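Please look over the structure shown here before reading the points that follow.

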Amino acid sequence: MLDLDGVVYVGRAGVPGAAAYLGEARERGARLAFVTNNASRPPSTVAAHLAEVGVPAEEADVVTSAQAAARVLRERYGAGARVLALGAEGLLEALAAEELVPVGVEDDADAAVTGYGPDVLWRDIMAASVRIRDGLPWVASNTDHTIPTPMGVAPGHGVLVDMVRRFTGVTPTVAGKPERPLLDTTTDRCGATRALMVGDRIDTDIVGGRAVGVPTLLVMTGVTGAPELAACPAEERPTYVAADLGGLLEPQPAVAPGATGDGVTGRADTGGWSAAVHDGVLRVDGEGSASDWWRAVAVACWQHLDATGTAADTTAVHSPVAPSAAGTTDR
């Protein structure tokens, strides 16, 4: 199960190396399901985008938070229910596929649903918020606070959810990661028995995978960097860490914490790298693969965090570039 934004592509461009890595994974027998909290685009559009960046995909290979939200609404209110929809085309199409009726902010409705939509109007947000405050049941596609874009990390749908929650005092039912509906929908559709959740976000992809009891792979091509990795609490840590999707094809060796003392509160050595947290500051020496660099950093920082309760200062280190990033991009 692969997240998309920040894992397979960023904006319109493919993440370097992603298409080749996924092609080889398929050749080795992996079934790929593309799982996204982005509710704005229908699966057909997502599949076409994947093809553009060199990753062939069928519409059925794509599962969105909009589909998961629509499934929740169908299960609760039945076919024909009228749903106030605040979002984009992907949300409207998902509702129709579940035989639900999308309606406007002033129409009679059985429930409200919100999803990422860059063209949603402020007046519609106000009207929907008032109705939610007054008792209209609310389902949110996802709560991602950020989304990777070509201009950098930008506000995601979670920012809107927080605003409406504060105004209304209502906490929505959430369909996307890290809640169960999206990943349950995916495993049910694929009949998966040995699933792996792959993503770039700790708070959605990794926590979501853990919530449904599957191992997780964190790739460092999206919104997570060294500061976020260093601050990750034990209950949210990924099973595996890799620089990019090449991690699907390589061994994932266990990295044991090293000896501490004399000001060192975290240490790890693997693949030619030696990472240590000394007086709260992370230092990394050696050379090797980018993935091994990230694994050493993760283990040293987590040992320090568990021992001291504070995250290591990572400002003095810079990750090496993964080999795939030095070549052509997957466009």
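**Notes on spaces and packing**

1. Helix α7 (residues 180-190) contributes the most to the lining of the largest pocket, namely three residues, where helices (H or I, at least four residues) and strands (E, at least two) are DSSP runs numbered from the N terminus. The model is a predicted one, in which local features need pLDDT of at least 70 and side-chain atom pairs count only at pLDDT 80 or more, while totals for chains, interfaces and linings use all residues. Residues are numbered from 1 along each chain as its sequence is written, and side-chain values use heavy atoms, with hydrogens and water left out.

2. The largest pocket holds about 650 Å³ of space and has a lining of 22 residues, with Ala30, Arg31, Arg194, Ala195 and Leu196 nearest its centre. On a 1 Å grid over the protein atoms alone, a pocket is an open set of points with protein on both sides within 12 Å along at least five of seven lines, a cavity is a set where a 1.4 Å probe fits but cannot get out, and lining residues have an atom within 4 Å of a point. Grid points are joined across faces, edges and corners, and a volume is the space filled by probe spheres set on the points. The lining of this pocket comprises 15 nonpolar, four polar and three charged residues, with Ala, Val, Leu, Ile, Met, Phe, Trp, Tyr, Cys and Pro counted as nonpolar, Asp, Glu, Lys and Arg as charged, and the others, Gly among them, as polar.

3. In the second largest pocket there is about 270 Å³ of space, and among its 15 lining residues Tyr116, Gly117, Gly156, His157 and Leu160 lie nearest the centre. Its lining has 11 nonpolar, four polar and no charged residues, and α6 gives the most to it, with four residues.

4. The largest cavity has about 160 Å³ of space, and Asp5, Asn37, Asp144, Thr146 and Ile147 are nearest its centre among 18 lining residues. Here the lining divides into three nonpolar, eight polar and seven charged residues, and β9 supplies the most, with three residues.

5. Ala66, Gln67, Ala70 and Leu73 in α3 meet Gly90, Leu91, Ala94 and Leu95 in α4, contact meaning heavy atoms within 4.5 Å. The residues of this contact are six nonpolar, two polar and no charged.

6. For residues 1-73, an unreviewed UniProt entry lists "domain: STAS"; the end C-alpha atoms of this span lie 23 Å apart, and the span is 40% helix and 14% strand. UniProt positions follow the numbering used here, feature names are shortened, and annotations may be inferred rather than shown by experiment.
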